Amino acid sequence: MADYNWNDRHIITFDDEKVALSTKDLKVFYGDFESIHGIDMQFEKNKITALIGPSGSGKSTYLRSLNRMNDTIDIARVTGEINYEGVNINDTNVNVYEARKCIGMVFQRPNPFSKSIYRNITFALERAGVKDKKTLDEVVETSLKQAALWDQVKDDLNKSALALSGGQQQRLCIARAIAVKPDILLMDEPASALDPISTMQIEETMADLKKDYTIIIVTHNMQQAARSSDYTGFMYSGDLIEYDKTSKIFTNPELRSTGDYVSGHFG
Ligand SMILES: Nc1ncnc2c1ncn2[C@@H]1O[C@H](COP(=O)(O)OP(=O)(O)OP(=O)(O)O)[C@@H](O)[C@H]1O
C-alpha cells in the first residue's frame with residue numbers, strides 16, 4: 001500500500017440550523033475490539049450523504065449506530081454522542097423505538113414481512129394503535145407514491161409482498177420505512193442485491209425522497225455514490241478520513257488516499 005498518512009483528515013461541518021443529525025466522538029466496540037474510533041460527523045438536512053470505504057472500514061457499523069441498531073447486537077457497545085434535535089439519542093434514557101420512528105432504516109436485502117403489500121405498510125401504525133381505515137389508506141397511498149411503487153401495485157394491495165420482484169420489494173421496504181414519517185432514512189447498500197434497472201429506480205426514488213428526508217447511504221458502488229449523493233464520507237479502518245461535497249471527493253479530494261480509493265488505485 002502507498003505510504004498514506006492516516007492521521008490526515010479533511011472533514012467539513014455545517015451551520016447548526018442545517019444539521020439533521022451529528023455524532024461526536026462516536027466509538028463502537030464489539031467486545032474488546034474497537035471498530036469505530038471516535039467519529040465526529042454532521043449530516044445536512046434534505047441531502048443525500050454517501051459513506052464509502054473498503055470492506056471492513058466500519059461503514060455499516062457506523063450507520064447502524066445512528067438509529068441504535070447496534071443495540072440489537074449483544075457484544076456491541078456504543079459510546080459518544082448521536083445528536084438529533086438537541087437530544088443525545090445514545091443516552092440510555094432515550095426510548096429507542098421512538099428514536100427509530102424518526103430515524104428509519106432500509107437494509108441491504110429487501111426484507112418485507114410475509115404479509116400483504118398493504119399490511120407491510122400499515123403494520124407499524126396498526127401496532128401503534130392507528131385503526132382508522134381512511135388514515136391507513138392514505139398512508140399506504142402516500143408512502144407507495146413516494147417510493148415510486150404505487151402505479152405498479154395499486155390494484156394488488158392485498159397480494160403478498162413476497163410475490164413482488166426484488167426491486168419492487170426494496171421499494172416496498174422504503175415505503176414501509178417512510179410510512180411512520182421519519183426525518184432521516186438510513187440505507188445500507190439498498191441496491192446491492194438488485195439488477196441495474198432496479199438500482200436506477202432506487203436512485204431516482206432517493207433523489208425524489210430528499211425533498212422530504214435526509215438520507216444517509218452506505219454503498220460499495222462508486223458510480224452510485226458519485227451519481228446520487230450530495231456529500232461523501234470516505235472511511236478507513238474505523239475512522240472518517242475525508243468528508244466533503246461528492247463533486248469534490250470524486251474530482252479533487254484533499255487527500256491522496258481518498259483520490260486513490262475513488263479512482264480504484266487504492267493499495
Ligand atoms: N457483529 C459483529 N461482531 C464482531 N465484529 C463485527 C461485527 N460486525 C462488524 N464487525 C467488525 O467491525 C469492523 C467493521 O465492519 P463493518 O461491517 O461495519 O464494515 P463495512 O465497512 O460496512 O464492511 P463491508 O463493506 O464489508 O460491509 C470489521 O472489522 C468487522 O469484522
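How many residues surround the ligand, and which are the closest? The shell holds 13 residues, with Tyr30, Ser55, Lys59, Ser60 and Thr61 the closest; a residue belongs to it if its C-beta atom, placed from the backbone, lies within 6 Å of the molecule. This is a predicted model, so local features need pLDDT of at least 70 and side-chain atom pairs count only at pLDDT 80 or more, while totals for chains, interfaces and linings use all residues. Residue numbers start from 1 along each chain as its sequence is written.

Sorted by class, the shell has 3 nonpolar, 9 polar and 1 charged residues. Here Ala, Val, Leu, Ile, Met, Phe, Trp, Tyr, Cys and Pro count as nonpolar, Asp, Glu, Lys and Arg as charged, and the others, Gly among them, as polar. Helix H1 (residues 59-65) gives the most to this shell, 3 residues. Helices (H or I, at least four residues) and strands (E, at least two) are DSSP runs numbered from the N terminus.

Next comes the core. The largest nonpolar core has 65 residues, and Leu51, Ala175, Leu185, Leu186, Ile215 and Ile216 have the most contacts inside it. Such a core is a set of buried Ala, Val, Leu, Ile, Met, Phe, Trp, Tyr and Cys residues joined through C-beta atoms within 7 Å. Buried means that 20 or more other C-beta atoms lie within 10 Å of a residue's own, exposed means 12 or fewer, and partly exposed is in between, with C-beta atoms placed from the backbone. Helix H6 (residues 166-179) supplies the largest share of this core, 7 residues. Since 13 of its 14 residues are buried, H6 is largely enclosed by the rest of the structure. Leaving aside residues up to four places away in sequence, Ala175 touches Ile121, Ser143, Leu144, Gln146, Ala147 and Leu149; contact means C-beta atoms, placed from the backbone, within 7 Å. After H6 comes Lys181, with a positive phi near 55 degrees.

Val139, Val140, Ser143, Leu144 and Gln146 are buried in H4. They cover an arc of only 160 degrees around the axis, which puts them on the same side of H4; the arc is that of the directions from the helix axis to the C-beta atoms. These buried residues pack against helix H3 (117-127), helix H5 (150-153), H6 and helix H7 (196-209). Exposed Lys134 and Glu138 sit on the face of H4 turned away from its buried side. Just after H4, Ala148 takes a positive phi of about 60 degrees.

Methods:
Two residues are in contact if their C-beta atoms, placed from the backbone, lie within 7 Å.
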